[in-house]
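Dear colleague,

I am handing over the structure that we talked about, and you will find it just below.

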Amino acid sequence: MAENKGILVIGELAGGKLASITTELLGCGRKLADELKEDLSCLLIGDSVGEASKEAIAFGADKVYVAEHAALKDYQADSYMQAAEKVINDVSPRTVLMGQTSMGRDLAPRLAFRLGTTLTTDCLDLAIDPQTKLLTQTRPVYGGTAQAVFTSEITPQMVTVRTKAMSPLERDDSRKGETIPVKIDIDASKVRTKILETVKEEAVGIKLEDAPVIVCGGRGLGGPEPFQTTLKELADLLHGAVGASRPPADNGWVPEALHIGLTGKIVAPDIYIAVAVSGASQHTAGCTGSKHIIAINKDPEANIFREAEFGVVGKYEEVVPALTNKLKELLAA
Ligand SMILES: Cc1cc2nc3c(=O)[nH]c(=O)nc-3n(C[C@H](O)[C@H](O)[C@H](O)COP(=O)(O)OP(=O)(O)OC[C@H]3O[C@@H](n4cnc5c(N)ncnc54)[C@H](O)[C@@H]3O)c2cc1C
């Protein structure tokens, strides 16, 4: 078997374009590949990958493997695994990078098992050990209260990377790279599930993951109404989005899609305003990538103040409207 070399990103598509996690993985993969003086490849799987292969080159890939087949229209573990396994066996990469996304969480462990290798999930940082050339993989442990560094001597080294943990390169359409079509035969007898229906989540306003400002409410808001009034008014003023800790989502005060944290969305906005959120580690695991955290809480001992750059101790019923009014005044000036 060929020596394992190079970095392979297993990409994801969203609406015919590269998903943002894939541009982030390419940005990180480029740095690792340059350090190793090896190639960065990207695998794109679908029924019609279109222009996304050019996009992958513009975002840093040297080679793009395109696995197209009618049976690969939508993500489906058994069929995507056949394509990914074939390409990994053909290319023999040193490292395989995937996103800590719905697809990555499902596909990566299956692939690692098939390939007889290890997998480190939910990584926040990756680096090359200069002595051993092994990949060092940093991920949160104990519910986000600590970080541990892992490595594995078995190749390919497989990791999934948390969304927004890495930065994409500037898109450069003048970059040169190679697009390599891969012939895939999908064995339909190995595809054990089928998609009966796809229900699109209704998105109202700006998506949490894309919002530059998030106003996040916690259990201390006491019910659904403040999310739709007090918090929404502040979020709208800042062209941001409303989010929530887990209890409001569990209680049905807000849709599940707004839930931030270890078991919810991972966000990294410019400004994160946590209102009546205590700051449990399972919550902060989803927002510590934010550039600036501002906390509003009536309890001066609340853990969220340890994470926050700015804090106001007070009842949200008084603090949030005062902040909104002041902002309105400043914006009108
Ligand atoms: C396996 C596991 C996974 C989990 N995953 C997640 C996750 O992904 N996301 C998540 O959020 N949680 C998660 N949790 C739950 C987590 O441990 C906490 O219970 C949760 O984050 C607490 O939410 P909270 O801060 O909104 O509520 P609380 O901890 O009840 O805090 C409410 C806060 O509001 C303040 N407050 C009350 N009234 C007011 C007022 N009028 N004005 C100002 N402040 C006020 C209080 O002082 C308090 O600090 C998980 C737990 C487990 C075990």
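Predicted model: local features only at pLDDT ≥ 70, side-chain atom pairs only at ≥ 80, totals over all residues.

As background, most peptide bonds are trans, and most residues other than glycine have a negative phi.

K133, which is not a glycine, has a phi near 65 degrees, and its place is in the loop between β8 (125-128) and β9 (135-141). Is K133 buried or exposed? Since a residue with 12 or fewer other C-beta atoms within 10 Å counts as exposed, K133, which has 11, is exposed. A276 also has a positive phi, near 55 degrees, in a residue other than glycine, and A276 lies in the loop between β15 (271-275) and α7. The surroundings of A276 can be judged by the other cut-off, which is 20 or more; A276 has 27 other C-beta atoms within 10 Å and is therefore buried.

Helix α1 (residues 20-36) has 17 residues and reaches 25 Å from its first C-alpha to its last, which is close to the 24 Å expected at 1.5 Å a residue. Its buried residues include I21, L25, L26 and A33, and just after α1 comes K37, whose positive phi is about 60 degrees. Helix α4 (residues 102-115) has 14 residues and reaches 20 Å between its first and last C-alpha, close to the expected 20 Å. In α4, the residues M103, G104, L107, A108, L111 and A112 are buried, and the buried residues of this helix pack against α3 (77-91), β6 (95-99), β7 (119-123) and β11 (157-161). After α4 comes G116, with a positive phi near 65 degrees.

Turning to the whole chain, there are 9 helices and 17 strands, and 42% of the 333 residues count as buried. The C-alpha trace spans about 65 × 50 × 40 Å along its principal axes. Because a compact globule of 333 residues would have a radius of gyration near 20 Å, the 22 Å of this chain agrees with that expectation.

The chain is divided into domain 1 (7-190) and domain 2 (208-332), whose C-alpha centres lie 33 Å apart. The contact between them takes 8 residues from domain 1 and 9 residues from domain 2, and the side of domain 1 that touches domain 2 has 2 nonpolar, 4 polar and 2 charged residues.

Finally, there is a ligand to look at. Which residues come nearest to the ligand? Of the 24 residues around it, they are G218, G220, G261, S278 and H283, and the elements that give two or more residues to this shell are α6 (246-250), α7 (281-284) and α9 (316-332). By class, the shell divides into 7 nonpolar, 11 polar and 6 charged residues.

Terms used: Residues numbered from 1 in each chain as written. Domains from an automatic or database assignment. Contact = placed C-beta atoms within 7 Å. Nonpolar A, V, L, I, M, F, W, Y, C, P; charged D, E, K, R; others polar. Near = placed C-beta within 6 Å. Helix = DSSP H or I, 4+ residues; strand = E, 2+ residues; numbered from the N terminus. Expected span 1.5 Å × (residues − 1). Rg over C-alpha atoms; globule rule 2.2 N^0.38 Å.
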